[in-house]
Amino acid sequence: MKDNNDFVDVSSGAQKELGGDIQEPETEGEEALQDQFEELDDGFSVSDEELKNKKKRPSVVIFEWVQSMINAIVIVILIFTFVVRIINVDGTSMMNTLLDGDKLLVTNYSQNYSYGDVVIISRGTSLEKVLVKRVIATEGQIVNIDSNTGKVSVDNVVLSEEYTKDGLDTFNYTDDVEFPVTVPDGMVFVLGDNRAVSKDSRDSEVGFIDVNNIIGKAQAIIFPYDRIGSVY
């Protein structure tokens with residue numbers, strides 16, 4: 001009887017061990033399947049944000065659309081106030097580069113002007129209207145104009161000005177400004193390309209231009225359509 005009991009005890013322990021060994025892989029398989037179901041569940045789950053969007057009332061959608069439009073308009077206004085402007089050319093003093101009625105795209109994000117820049121000058125001068133002229137010299141430079149030939153020199157270097165209308169055969173020289181002149185600090189010396197009719201820094205009524213009175217630099221002609229292109 002002792003032997004039988006020992007045998008039973010041994011058998012029972014073995015069965016427990018066998019039972020544990022057999023069930024363990026089944027448990028791991030169930031866990032693997034459970035993990036797969038959880039992953040599938042995550043893949044088809046709907047986020048809280050998506051649920052909120054689906055539940056938005058039409059009035060909320062309209063409000064958000066109007067708010068976006070207002071923000072866009074404000075951005076456009078800021079750009080056209082502090083970055084670019086549209087300026088209309090009034091007159092013939094910049095022919096043949098610019099014609100009367102041309103519309104210009106003007107940038108005004110910098111006051112670093114240099115020779116050749118076409119600039120728009122505000123009513124900071126004594127004139128009644130906005131001027132469009134070309135920068136000839138900047139602060140510290142010496143400008144001279146030959147009263148016989150109209151040739152312009154800056155720092156004793158004669159400029160090659162192919163942009164002038166009809167060359168320099170005709171020009172408007174006024175004797176109330178004596179040359180040579182030195183451009184003061186913070187100023188520029190400007191001339192119109194159509195020297196025969198242009199009222200510019202050769203005239204004491206205009207004189208040197210304070211850079212703070214420059215609206216910006218012309219970049220392109222945007223109208224009329226057959227003249228669209230760069231100013232330079």
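**Exercise 1. Find what share of the chain's contacts between residues at least 6 apart in sequence join residues at least 24 apart.**

Solution. Take the contacts in the protein chain between residues at least 6 apart in sequence. Of these, 60% join residues at least 24 apart. Bear in mind that the model is predicted. Next, list the secondary structure: three helices and twelve strands. Then turn to burial. The protein chain has 232 residues, and 31% of them count as buried. Last, take the surface. The chain exposes about 15100 Å², with carbon and sulfur atoms supplying 54% of it.

**Exercise 2. Decide where the confidence is lowest and where it is highest.**

Solution. Start with the average: the protein chain has a mean pLDDT of 79. A score of at least 70 is reached by 70% of the residues. Helix α1 (residues 2-43) has the lowest confidence, at a mean of 48. Strand β8 has the highest, at 98. Finally, check residues 1-26. Their pLDDT is below 50. Beyond near neighbours in sequence, this stretch has zero contacts in the model.

**Exercise 3. Work out which strands stand at the edges of the four-stranded open sheet.**

Solution. Write down the strand order: β7-β6-β5-β8, with antiparallel pairing. Look at the two ends. β7 (157-158) and β8 (181-182) each have a single partner strand, so one side of each is left without a neighbour in the sheet. Now zoom in on one pair. β6 (residues 152-154) joins β7 in the antiparallel sense, over two bridges. In one of these strands, β7, Val158 is the bridge partner of Ser153.

**Exercise 4. Describe the largest nonpolar core and name the elements that give two or more residues to it.**

Solution. Count first: the largest nonpolar core has 14 residues. Those with the most contacts inside it include Ile136, Val152, Phe179 and Phe189. Next, name the elements that give two or more residues: β4 (131-138), β5 (142-145), β6 and β9 (187-191). Now follow Ile136. Leave aside its neighbours within four places in sequence. The contacts of Ile136 then include Tyr115, Val152, Leu159 and Phe189. As a rule, nonpolar side chains in soluble globular proteins tend to be buried together.

**Exercise 5. Say which residues Asn88 touches, not counting those up to four places away in sequence.**

Solution. Asn88 touches Gly101, Asp102 and Lys103. Then compare sequence with space. Asn88 and Phe223 are 135 residues apart in sequence, yet 9.3 Å apart from C-alpha to C-alpha.

Methods
Residues numbered from 1 in each chain as written. Predicted model: local features only at pLDDT ≥ 70, side-chain atom pairs only at ≥ 80, totals over all residues. Heavy atoms only, no water. Pairing = 2+ DSSP bridges. Buried < 20%, exposed > 50% of the residue type's maximum accessible area, 1.4 Å probe, protein only. Contact = heavy atoms within 4.5 Å. Areas by Shrake-Rupley, 256 points an atom, 1.4 Å probe, with all protein chains shown as cover. Core = buried A, V, L, I, M, F, W, Y, C linked by side-chain atoms within 4.5 Å. pLDDT = per-residue confidence, 0-100.
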